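The following paragraphs walk through a protein model, from the overall chain down to single residues. Please keep the sequence and the coordinates at hand while reading.

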Amino acid sequence: MITCQRFVFPDSEFDAKKGQGERPGFPHCYCAIEVFPDGREVEHRLAAPYPERPPWDRGDPYATIGFALGAETGSMMHTGWTLPSPAIDLYAEYMVLHNSEMCRGDEGKKPGPSLIQACRRYGVPTMDPAHKEKMRELAYTKTNHTPGEIAALQDYCLNDDCRSGLRLFQAMRPHLDLARAPIRGAFMMQLEKMRWRGMPIDVPLYRRAERHAAAIAVKMRRELNRKLGAEIYYSGVFKRAAMFRLMQQRGIPIPVDPKTGKWSCSTRLLKPMIETYSEMKIFYEDKRMLDALTRLGLEIGTDGRHRTWANPFGTKTGRNNPSTKALWGLPHTMRSFLRTTTPDMAIAQVDVSNEEIGIAAALSGDPTLIADYLSGDPYRQFAASALGVTSPTTLQRQVYKACVLGRIYGMGASTLARNLGISKGQAQHILDQMRARYPVLNAWLDRILIKAAHLVPITCTLGWSLTASGRPGEERTFLNFPMQANGAELMRLVFARAGDLPIIGCAHDSFILEDCADRIEQTVWRMQEIVRAASRDLLDGFELRADCKPNEDITFYPDRFVDKREREDGMRHWNWLMRLIEEAENDESERSGNRRRVAEDLDEGLRAARTEDEADTEATQAEVRI
Amino acid sequence: MADELQTSQLSDGVDTTAKKARGNSGARLKADPITPITVGEVVDAASLAIDQKHMEDFASPDMEPSVVECRRPPKGAYFTVLPEKAGESWRNRAYYFVLETEGRDPCLVAHTIAEAKKDEEDTIRPIMLVRYVLMNGTEGLWPIKLNPAEGKSNRWNTSALTVLHVAESGKWVRIISKGEYRYNVSKKTMEEVPPKFSDRTFQQLVNIAFPPERVITSFDHPIWDELANGSTK
């Protein structure tokens, strides 16, 4: 713990370059209000050229407090200042404090607030949105501001943004968890550093895919119809009725959407069935590719790097919730657009293996589950024990994996039976086997539900919490909540401790790093150590595995990143996509060749006609002359 | 001009007129003084992590099963019982009359009714109900049949009492049925696996195991008509 005598409320004005995949612009001004315990304030107004370190950084501890500190991180990266610590991000704290109320609506979780919205929520006087918009326009649309304009931006920065932040802090202070807030503050700034770095993309190839997306989608739909032997796409439109008919004909159970109570063939509900029904696997994978193709829109900067907002705390479990236009929001096949474009560079993926099971084992204290997790493959251990074999097959392992994960997700015998294509009795038997093998885990899951049913917060290791609303059907959320939400807490702590480790991306349970080829293994090792230590700290000494297989998970220039599932699938979908791009290009060149020929023919015809016309005209004129 | 844009200016923080801001938020409000704060650090995460045992908060009252079985401890499961102090009233065991018929859950019979019916009914017999607990915390009531006061004793009844005496001496035991009740004693001690008896009283357990319709306290109970005239159920 650290005691701070001074507080600094910083803010900067710059062009955020939203949606462009670019780094944020150079700060036009950087201002801060420094507050002392006796109430004295010092207003700092800075503009380029910036000093080597901020004037309020005088060596003694001070707390940096702001709303969405990630925005200030870009300015600090430009000025070369060290990221401040401890730092409290009021946006992050708002999300922690109001998670449950933001999840109450029918439309899913509400988006995070703006500074003005947060101030209004706490009854704090704040700026006029129209004025903010005007100032933003001034910051976004110009780079060569006059001194007068810079001064106007500084006034706005200090008197509106910094001061609103100060007032908001005073209003929120009684509710803040000051002990853990700096971890979230550091996370928010590190997340912005990740965006600053960006992901290197094979831009020429990506642009080819983007350019021909429509043509590729047409062919994909046609091929999918052929693979399934049914016209589930008709004139480019997906026909659910045709899909339901196909499933009925093949004896495939149709899932019912728990929210609507109606039949559904959403990829979310079909995913657990893909290992059982080959048609569903084809449909699931191709449909996801098709859906992604129709909305391709990666934000890529002029430096060829992909940058997007991770939307931290964007889900009820506190996981990030990036848009579907983020690379990691695309099907795993398309992650191979990630490719380091600089010689001597490498990309690595560090994966927190079986994160949810590991967290469940640690928190429940189930000795058998702990032993199974530590064996390296908990699902294999369970399958071997349940079936009385030493080496279960891949399919057997898959069945018992579905059972363990299903139980954690609150799945009953009916759903498990549907997903695995077995009878309800068999599914119940497997669930009973799981209950018998992991009695402590099951009792712990039951206790979570009991606590949630009392409408009191279920709080995770660093304070993220969710309270049930009392609506029916919330059980699944709460069964899974401790695993997902503590996984998110782990990710935040890892980020907060990452320092200068070159993280360029993250998924739920994995981190993507980019570094020099001769240093990448050392970087991976450091990352693994951070993940292990963070898990020990949060899970009462229990260590989660951080895997990175050098031969598979590290990619050197000029190779491209390949997701594990795509690799196991023999790059089938990637190769398919490449073939379709080439075909689309060939078709296009053929069409343009035809057009050229037609144009040439037309030109020739016109020339001939013109010659005849000219001859006629000349003859006529001659006649006239006569 | 650039120098003029680089300033660090002392402000009183409360002035609403002399230093009126050029921004549109207008005059500054008087801010409450901010006292020094102590905050956590990233390196402190281990000590800051919230203990997840709070999941147990609501577990105890609701986690007690609503069913208490009146049957011999299940085969293969180690159990133990609480000893009773000599010279004091029993707290976790008691004698009852029980009426048992084929295909029907046993019923408790009031002492006066049992006495009145003892000559005409062979379905009523005295038992000792003993509270037991399994290693996993499941509680139950063990009905131990008693040897008749006169006549030959039964090997099963006698051996059951032997197992009871071993269990109440502070051991985890397991019943094995081989011509009589034999037993295994677990190597796990009470210190290693402490028995998890609930806070419920013995009488509460009996009330759960024998709901009112299975406690016969009068001659009007339908069981008597069933025994006298039969039933199609």
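The model is predicted. Within it, the side chain of A:Asn442 makes a polar contact of 2.5 Å with the side chain of A:Arg407. A:Asn442 belongs to helix α19 of chain A, which covers residues 439-453. Is A:Asn442 buried or exposed? Its relative accessibility is 3%, so A:Asn442 counts as buried, the cut-off for that class being under 20%. Apart from residues up to four places away in sequence, A:Asn442 touches A:Arg407, A:Met434 and A:Arg435.

The chain around this residue can be described in a few numbers. Chain A contains 24 helices and 17 strands. Its C-alpha trace spans about 110 × 75 × 50 Å along the principal axes. Of its 626 residues, 55% count as buried. For contacts in chain A between residues at least 6 apart in sequence, 67% join residues that are at least 24 apart.

Helix packing comes next. Two packed helices are described by the angle between their axes and the distance between the axes. In chain A, helix α17 (residues 413-420) and helix α18 (residues 424-437) have axes that come within 8 Å and cross at roughly 110°. Angles of 65 to 115 degrees count as roughly perpendicular, and α17(A) and α18(A) are therefore roughly perpendicular to each other. The crossing in which α17(A) passes α18(A) is right-handed. On the side of α17(A), the contact is made by A:Ala413, A:Ser414, A:Leu416 and A:Ala417, and on the side of α18(A) by A:Lys424, A:Ala427, A:Gln428 and A:Leu431. By class, the residues of this contact between α17(A) and α18(A) are five nonpolar, two polar and one charged.

Another helix pair in chain A is formed by α20 (residues 475-497) and α21 (residues 520-538), with axes that come within 9 Å and cross at roughly 130°. That angle makes α20(A) oblique to α21(A). Here too the handedness can be stated: α20(A) passes α21(A) in a right-handed crossing. From α20(A), the residues in contact are A:Glu489, A:Leu490, A:Leu493, A:Val494 and A:Arg497; from α21(A), they are A:Met527, A:Ile530, A:Val531, A:Ala533, A:Ala534, A:Ser535, A:Asp537 and A:Leu538. The contact of α20(A) with α21(A) has nine nonpolar residues, one polar residue and three charged residues.

Backbone geometry in the loops also deserves a check. Which residues of chain A does a cis peptide bond join, with omega at about 0°? One such bond joins A:Ala48 and A:Pro49. A:Pro49 is in the loop of chain A between β4 (41-46) and β5 (62-66). A cis peptide bond with omega of about 0° also joins A:Ser85 and A:Pro86. The loop that holds A:Pro86 runs between α1 (69-79) and β6 (87-89) of chain A.

Positive phi values in residues other than glycine are a related matter. A:Ala68 is not a glycine, yet its phi is positive, at about 60°. This residue, A:Ala68, sits in the loop between β5 and α1 of chain A. With a relative accessibility of 25%, A:Ala68 counts as partly exposed. For A:Asn354, phi is near 45°, again a positive value in a residue other than glycine. A:Asn354 lies in the loop between β11 (345-352) and α13 (355-364) of chain A. Why does A:Asn354 count as partly exposed? Its relative accessibility is 23%, and the partly exposed class lies between the limits of 20% for buried and 50% for exposed.

B:Arg91 is in the loop between β4 (79-81) and β5 (93-99) of that chain. Its relative accessible area is 62%, so B:Arg91 is exposed. Leaving out neighbours within four places in sequence, B:Arg91 is in contact with B:Glu84 and B:Phe202. B:Asp119 is 28 residues from B:Arg91 along the chain, and the C-alpha atoms of the two are separated by 31 Å.

Technical notes: Residues numbered from 1 in each chain as written. Chains lettered and ligands numbered in written order. Predicted model: local features only at pLDDT ≥ 70, side-chain atom pairs only at ≥ 80, totals over all residues. Heavy atoms only, no water. Helix = DSSP H or I, 4+ residues; strand = E, 2+ residues; numbered from the N terminus. Buried < 20%, exposed > 50% of the residue type's maximum accessible area, 1.4 Å probe, protein only. Polar contact = N/O pair within 3.5 Å; in protein donor to acceptor, adjacent residues only side chain to side chain. Contact = heavy atoms within 4.5 Å. Axes fitted to C-alpha atoms, helices over the stretch in contact; angles between N-to-C directions. Parallel < 35°, antiparallel > 145°, perpendicular 65-115°, else oblique. Left-handed = near helix turned anticlockwise from the far one by under 90°. Nonpolar A, V, L, I, M, F, W, Y, C, P; charged D, E, K, R; others polar.
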